Amino acid sequence: MSSIRNDASTDPRRYRDETPHDEKKRLRKVAVATIVGTTVEWYDFYLYATMASIVFGKVFFPEGDSQVATLSAFATFAVGFIARPIGGIVFGHLGDRLGRRKVLVITFGLMGVSTFCIGLLPTYATIGAWAPILLVVLRVFQGMGAGAEYASAAVNAYEHAQAGRRGRQGSWPALGLNIGLVLSSATIFLLTLRNDEFLMAGGWRIPFIVSIGLVGVGMWIRSSLPESPEFEQKVEEKIENDEKRAPRFFDVFIHHWQPLLVVFVVAIGYNALSYVFKTFSLAYLDEFQGVSANVTSGAVMVAGIVAIVTVPIFGELCDRLGSKMVIMAGGALSMVFAFIFLALLQDSGTFMVYLAIAIGTGVLAPMMFSAQGSFLSRQFPPESRSAGVGTAREIGTAVAGGLAPLGALSLVVSSPTNSTAGVGWVLVAAGLLVVVGALADQGKRYTTERN
């Protein structure tokens with residue numbers, strides 16, 4: 001077992017002589033690269049989630065039962081989650097071998113180009129069965145890029161941070177996530193201001209196609225990103241000790257299975273909650289309550305704005321109380337809110353819809369996600385950190401993120417009265433998993449910091 005400790009003393013030589021001004025400049029560059037990158041990534045990912053809820057069932061699948069078409073579109077959404085672990089495992093391993101920065105550039109490009117190409121796809125009416133097939137292929141590449149993105153971004157931000165500020169800096173990806181959420185939902189809100197007809201007639205392509213401009217900006221920013229101090233320290237130690245062996249692919253499974261399990265359990269619980277709050281809710285409101293895309297996208301946009309405010313607060317709380325406590329609080333409060341959330345959706349009034357999604361997606365999900373950057377990173381030593389976080393988190397995300405909204409929607413469809421009671425118990429179980437995973441924290445093995 002590694003005895004490496006994640007203290008400020010592990011900074012490599014080129015960071016030891018930094019002036020306060022140099023350090024501030026470096027951290028500003030890391031913050032911009034992290035936030036901009038995750039903004040574009042989650043803009044792409046949530047854009048797909050929203051379109052799968054509202055549009056894709058109608059344009060990429062044959063006409064017929066609208067509920068079956070919506071479930072089919074959600075299945076393509078789930079495919080992206082199946083692909084995420086591939087990206088998380090492969091690129092996480094490369095992040096520990098080649099460095100965080102190189103992987104961040106590669107995965108960002110993979111995600112962005114795939115999203116752009118989705119906007120160019122012909123519909124089912126044009127090319128028949130090839131339409132959903134090509135959609136699935138691009139969704140796989142999109143999922144791989146997204147699966148690799150979070151671990152590299154979160155680990156890099158965590159490793160650049162000063163001791164005592166890792167909670168705040170570990171929350172940067174969560175801030176980018178919610179800015180991306182606001183941008184994607186605001187785009188759909190604007191496209192549906194008058195009605196949903198323009199969106200269905202081809203307007204849905206616009207946000208996918210214009211995203212390539214954001215990708216270009218993000219690639220330029222990330223190309224100048226400095227490498228992680230702790231990664232460089234490991235490289236220096238290997239050179240000084242004349243060690244030539246790079247981390248092997250299975251090392252993280254053999255030596256760090258307990259932290260892997262902790263991250264896996266937290267990821268399942270968090271993603272089940274998060275994607276029921278922000279993805280199942282849209283499909284349910286559209287299909288069973290007749291709520292327009294303009295209202296649902298407006299609700300998600302407001303929730304994202306709320307989250308942009310709450311994320312820094314939760315990051316600060318991680319440094320004060322510990323990321324473990326913040327994650328546990330989020331899981332416990334989500335259990336309490338589960339049936340209240342569903343009751344607000346069933347009311348289907350505009351204010352109630354906004355309130356439900358604002359609390360679930362704007363407060364509770366960000367509370368748990370803000371803490372994950374520091375909590376998940378501290379479970380592993382530097383030489384296995386990117387692979388460990390990428391592997392366990394993305395497998396958990398694949399299990400819950402893709403299946404939870406699909407399963408929740410299936411429970412409603414299969415109920416003779418379209419009851420949401422089963423969905424409520426799914427939320428309760430997911431919140432309990434978050435609490436249990438946080439209680440099993442393995443971070444003290446590698447750091448004395450509580451964040």
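**From a surface patch to a salt-bridge network**

V137 is partly exposed, because its relative accessibility is 39%; the label covers values between the buried limit, under 20% relative accessible area, and the exposed limit, over 50% (1.4 Å probe, protein chains only). This is a predicted model, where local features need pLDDT of at least 70, side-chain atom pairs count only at pLDDT 80 or more, and totals for chains, interfaces and linings use all residues. Residues are numbered from 1 along each chain as its sequence is written, and side-chain values use heavy atoms, with hydrogens and water left out.

V137 sits in helix α7 (residues 130-160). Helices here are DSSP runs of H or I with at least four residues, numbered from the N terminus.

Now take a buried position. T391 belongs to helix α18 (residues 382-414). Its relative accessible area is 3%, so T391 is buried. Setting aside neighbours within four places in sequence, T391 contacts G88, I89, F253 and L260. Contact means heavy atoms within 4.5 Å.

Next come the charges. The structure has seven salt bridges, each a side-chain nitrogen of Lys or Arg within 4 Å of a carboxyl oxygen of Asp or Glu. One of them pairs E316 with R168, at 3.2 Å from N to O. This pair links distant parts of the chain: E316 is in helix α15 (residues 293-321), R168 in helix α8 (residues 166-170), 148 residues apart. E316 is partly exposed at 24% relative accessibility. R168 is partly exposed too, at 23%.

R168 also meets D319 in a salt bridge, at 2.6 Å from N to O. Again the pair links distant parts of the chain, with D319 in helix α15 and R168 in helix α8, 151 residues apart. D319 counts as buried because its relative accessibility is 12%.

E316 has a further partner, R320, with the closest N and O atoms 2.9 Å apart. Both residues lie in helix α15, four residues apart, about one turn of the helix. R320 is exposed, at 52% relative accessibility. Through shared partners, salt bridges join R168, E316, D319 and R320 into one network.

Technical notes:
Helices (H or I, at least four residues) and strands (E, at least two) are DSSP runs, numbered from the N terminus.
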